[in-house]
Each structure stands twice: as C-alpha cells, then as structure tokens.
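Okay everyone, thanks for having me. Let me put my protein up on the screen, and then we'll walk through a few spots together.

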Amino acid sequence: MSEELGKSSYDCDICKESFFEESKFNQHKQIHRGEKQHQCDVCGKSLSDKNSLARHKRIHTGEKPYHCNVCGKSFSDDSHLTQHTRIHTGEKPYSCDICGESFSAGNSLTRHKRIHTGEKPFPCDICGKSFPENFSLTQHIRIHTGEKPYNCSICDKSFCNDSHLTRHIRTHTGEKPYPCDICGESFSAGSSLTRHRRIHTGEKPFPCDICGKSFTENSGLTKHKRIHTGEKPHKCSICDKSFSNYSHLIRHIRIHTGVKRFPCDICGKSFSDDSSLTKHKRIHTGEKPYHCDLCGKSFTEKSGLTKHKRIHTGEQPYHCDICGKSFSQAGNLNTHKRIHTGE
C-alpha cells in the first residue's frame, strides 16, 4: 500500500493498477487468479464476483437505480453516482504528486499519472497494442470482435461504447447539455465542447513530431502525419485507388456512382459533396475568406492559403524517399520523382 498526498492506495503487483478501495482491489486480484465464477445468463460473460455480475447485467437491462438528488441523472453503479455528485460540489480529493492537478475520482488520478510515466500496462493479446487503462483495452478489443453491446432503444442502432450510445441518443432528443461559457453555443458531448473552446483559446495541443506543426484535434494530427508517411489507409473497393482521408474516399466513390446531390442555386451545376459546392459558389460571389496574416493576400480555398504561406515560412513538408530532396507542394514532389523512375 502506498501514500498519495494522504490517501491510501492499493497497488496491484502484477499489472500495477491502483485502487483507492480495498474491496475493489480484492475484486481486481481475482481477475489475475482467473476466478470468474459468476456467469451472465444473457451473454455468457463470466465475472469474478456477484456484485460485478449485477453491474454488468445492467448493460443488458438498462437499469440505473442510483439517482442524483441535485439534477436527477441516473446511474447503473453507485460509484458513478459518487463521482458525478462531485461535478455539482466541485470536490476533487485526488491530487497528482507530480504536477499537482486534482481529480474527482481515484481512477482518473491513476490514469493521469500514466501521462507522466508513459506506462501502458494493458496489452491486446490479438494485435499487441498497449493501453494505459483496462477500459480502453476492452473497447479496443471490440474492433477485433465486432461486439456492440450497447443498443439504442429508439432506433436499434448498436455501439461498442456506452458513451457513444449516450451521445447518439441525444440525436433523437436534441439534448445539448454542454454550453460554452464564452459564446454560449451548446454541444451534445463534452469532447465537442473541449474542441470548440480551442477556437476561442487558440490552443493546439497536438504537435507533429516530424515538422512541429500543431493541431487542435488528435484526428487532425493523424491526417497530417500521412503527408510525411505517405500512408493511404482508405481504399476504394471499385478501382483500388487509396486515400489518406476517409472523406476524400467518400467524394471519390461518387465519381463511380455519378451521385451529385448538391446543386448550385445560382447556375444549377451539381456537385458530389457540399464542400465542392461551397468552393464553386465563390466563383459567383468572388468571396475569398482565407487571408494570409503575413501579406494580406486572400484565397478562395484554405488549401490555397496553406500552399501560399510556405512562400513566407520556407516550409517543405514533402520529401523524396529516394534522394531526400524536399518540396513545398505534393505536385512538385510527384514531378521530381519521375526523374528517378524515368516516367
């Protein structure tokens, strides 16, 4: 048992996970001993104790017997209610002894400390990928198994993650419980609010470790890094052409299907996607909404501004994997590579 700012924690000597309640620690140890004597009669999953089985079965029944007496929100587990209540009280009793950040739940502190240590003690036994928490591993394994145990009672759509189901249900109810305290815009998911606030703060917490460019979202960084790696994981099933971005694949498929659902209300020309229509309409309006903050030149498309700014910065993010020469535009790199291939 170790001390963390006056709070006792129980540390598993096998997987290093920490617990702040002895009962949960004892339940956890049964996982390593392989003791799973309590089986769910709905899906067949085995659990280490009857309390875990009771909590698990609420996934199937949807039962949420624990109610918040402040806002009325219900929970399937009493510990989740305890954590939720701290949203109202602002209580954060668990503090990180490295950076001082505080948390409302002990397991949040345990997960947070792995940011400092880099520890990922939960490996996938199918593909080998490791995770800093068991919950993330459980969700990841569903990629391999295809399991989607969370069902929408309104439209029967299924999800691998209960939080995804919660967000989905809000598309039916229209609920947007996360308001921005700066501009007042509301969102159906807390993560959407977090991303939105970066518009106001200018925060870009996801830097590229190759060129240093930063992004407001991890997904933006992932897409950007494909410029450096050349990875194109989204493949067309009709012509085998590959794309670095899923939305580009969707637009490409419409070339094969001929679907053009977006007509211009000025000239009648139709387009396969709304972004192409938006760009097209600027021909009529003359709008150039993308401005260079260095010289003031304006562009009709963001990609035009991005290319232009490389004149000022000297950035050359496209590298030849044969001779190492760099270029500011992908087209110039492709032209250069023909010197090597003889095309």
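Let's start with Cys 323, which is partly exposed at 44% relative accessibility. On that scale, buried means under 20% relative accessible area, exposed means over 50%, and partly exposed is in between, using a 1.4 Å probe and protein chains only. Quick background: this is a predicted model, where local features need pLDDT of at least 70, side-chain atom pairs count only at pLDDT 80 or more, and totals for chains, interfaces and linings use all residues. Residues are numbered from 1 along each chain as its sequence is written, and side-chain values use heavy atoms, leaving out hydrogens and water.

Cys 180 is in no disulfide either, with the sulfur of Cys 183 nearest at 3.9 Å. Cys 180 is buried, though, at 4% relative accessibility.

Next up is His 168, which sits in helix H6, residues 162–173 (helices are DSSP runs of H or I, at least four residues, numbered from the N terminus). His 168 is buried, with a relative accessible area of 12%. Setting aside neighbours within four places in sequence, His 168 is in contact (heavy atoms within 4.5 Å) with Cys 152, Cys 155, Lys 157 and Phe 159.

Last, the nonpolar cores: sets of buried Ala, Val, Leu, Ile, Met, Phe, Trp, Tyr and Cys residues joined through side-chain atoms within 4.5 Å. The largest has nine residues, among them Tyr 10, Phe 19 and Leu 137. A second, separate core has five, including Phe 20 and Cys 96.

Technical notes: Helix = DSSP H or I, 4+ residues; strand = E, 2+ residues; numbered from the N terminus. Disulfide = S-S within 2.5 Å.
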